[in-house]
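I kept a notebook while looking around this chain, and here are my entries. Have the structure open and follow along.

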Amino acid sequence: MDSKEKFYRQFQNSVANLQEQINQLSSFAAVGGERQDAVEHTLSGISRLSKQVADAAEYVPAYDQRTYSDVVKGLRDQVNEAVAKFTPKSRFQFKQRITSGFAVAKPDTRRLNPTTTNTDTKPSEEKDMVTSLPTFNNDTTSTPTSASISTSKDYNAQIARPTSRDGGPGMGIRSPSFSTARDITLSDHSRVHITLPASASRATSAGTLTNLDRCVVDMSVPTAGGGGGGDANDSSSGGGGGTPFASLTLREIAGSVVVAGHVDGPVHVTGVRNSAVMVVARQVRIHDCENVVFYLHCVSRPIIENCKGVRFAKAPETYLTDKERGETNMFDQVDDFKWLKTTSSPNWSLLPESEAIPGSVWKKALAGGPGVVVDDTLRSLGVGKGA
């Protein structure tokens, strides 16, 4: 595969991921800056793609360069239109006052756009169309079309369906591949242990976990960056060859353990109770959570709002890359947006080191085993001990 075709395939995948992020912008909450963070992350991805197009000028023909640039411009237009849809309109608008008895004629739009024959066509309908990409005769791995995506496998239904290997309620580990998905969505599950395999790394453009009760979710393998560190033969360490999430959202989770893995962008946690969450991220925002232990590696100050009884500890080193081990971990420098006094916030605290669960216990518990019930795994990781 020559450089030109290789870039074409990479460009296709990047465009598909960015369009999926754009489609999800309206699902983020406007409060707490969650939606704005998602918009900025998407625009940052578009800027990186634009730079990649410029860098490819030495081996991509000029015509194809223009086509790629038009696609990037189309993505920016889609973001602007998405933002305009959920931005409140001003109540007051200046209207032109006609001071003479002559009506002002509307401009002939056909002169502005010679190819348009119907003057009622909305400009936004044209902006939504992304320019066609260059094609290759032997293209057998092109990005899935919207039709193929709509008929992709229902992984949540697969997870909810018990199998003969489980051994009974709350037993066994479900490992959905997510091989035909663009992003990872886990929702509406109770008392299941879910471990995502390496194949799910192709679906890490975004992650969303919602409505989980007494579940164990391990997403460390497909999101482990290849930055070195850990045991090269151990896929649960930080030295895997996966792809970190671009962004991650956790909502309405109770009595569960979530090992979110690595996230290159923001993590938004809302409505989580009586649980434990482990994540390696650039930014973490936590809203409306109660009695949760966060095992973090975060290079910016974590933010909490409307929280009570949340505690923070370092993420186990076995889940970090060599690069991350050399970074400053700001897990213990939490900003409480609902506590403006000079005294320490009573809403969060640091987990004593003697109570922190070591990496070896995490790996052993998450590995499961014959006859292991999800409730036992939860208790071994500090959740539901009093149950």
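**Contacts along the chain.** I began with contacts between residues with a separation of 6 or more, and 53% of them join residues 24 or more positions apart. I noted that the model is a predicted one. I then looked up the elements and found 11 helices and 12 strands in the chain.

**Cover and surface.** How much of the chain counts as buried? I found 45% of the 387 residues in that group. The chain exposes about 21000 Å², and carbon and sulfur atoms supply 50% of that area.

**Strand 7.** I went to strand 7, residues 257–287, and saw that it is mostly covered, with 26 of its 31 residues buried. Which strands pair with it? I worked through several partners.

**S247.** Next I picked a residue in a loop: S247 is in the loop between helix 8 (220–223) and strand 6 (248–254). Is S247 buried or exposed? Its relative accessible area is 11%, under the 20% cut-off, so I put it down as buried. Leaving out residues up to four places away in sequence, I found that S247 touches F28, S205, A206, G207, V263 and P266.

**Aromatic pairs.** I searched the whole structure and got 7 aromatic pairs. One of them is F294 with F312, a stacked pair at 5.5 Å centre to centre with 20° between the planes. F294 is in strand 8 (residues 290–298) and F312 is in strand 10 (residues 310–314), so this pair links distant parts of the chain, 18 residues apart. Both F294 and F312 are buried.

F312 has another entry: the centres of its ring and that of W348 are 5.9 Å apart, and the planes stand at 80°, so I called this pair edge-to-face. W348 belongs to strand 12 (residues 348–350) and F312 to strand 10, so the pair ties together parts 36 residues apart in sequence. Both F312 and W348 are buried. Elsewhere in my list, F7, F11 and Y68 form one aromatic cluster.

**Helix 2.** How far apart are the end C-alpha atoms of helix 2? I found 32 Å, and the 22 residues (34–55) should span 32 Å at 1.5 Å a residue, so the two agree. Among the buried residues of helix 2 I listed E34, R35, D37, H41 and L49.

**P358.** My last stop was P358, in the loop between strand 12 and helix 10 (359–367). Its relative accessibility is 44%, which lies between the cut-offs of 20% and 50%, so P358 counts as partly exposed. I also checked P358 against E317: they are 41 residues apart in sequence, and their C-alpha atoms are 9.0 Å apart in space.

Definitions and conventions. Residues numbered from 1 in each chain as written. Predicted model: local features only at pLDDT ≥ 70, side-chain atom pairs only at ≥ 80, totals over all residues. Heavy atoms only, no water. Helix = DSSP H or I, 4+ residues; strand = E, 2+ residues; numbered from the N terminus. Buried < 20%, exposed > 50% of the residue type's maximum accessible area, 1.4 Å probe, protein only. Contact = heavy atoms within 4.5 Å. Phe/Tyr/Trp six-rings, centres within 6.5 Å; stacked < 30°, edge-to-face > 60°. Areas by Shrake-Rupley, 256 points an atom, 1.4 Å probe, with all protein chains shown as cover. Expected span 1.5 Å × (residues − 1).
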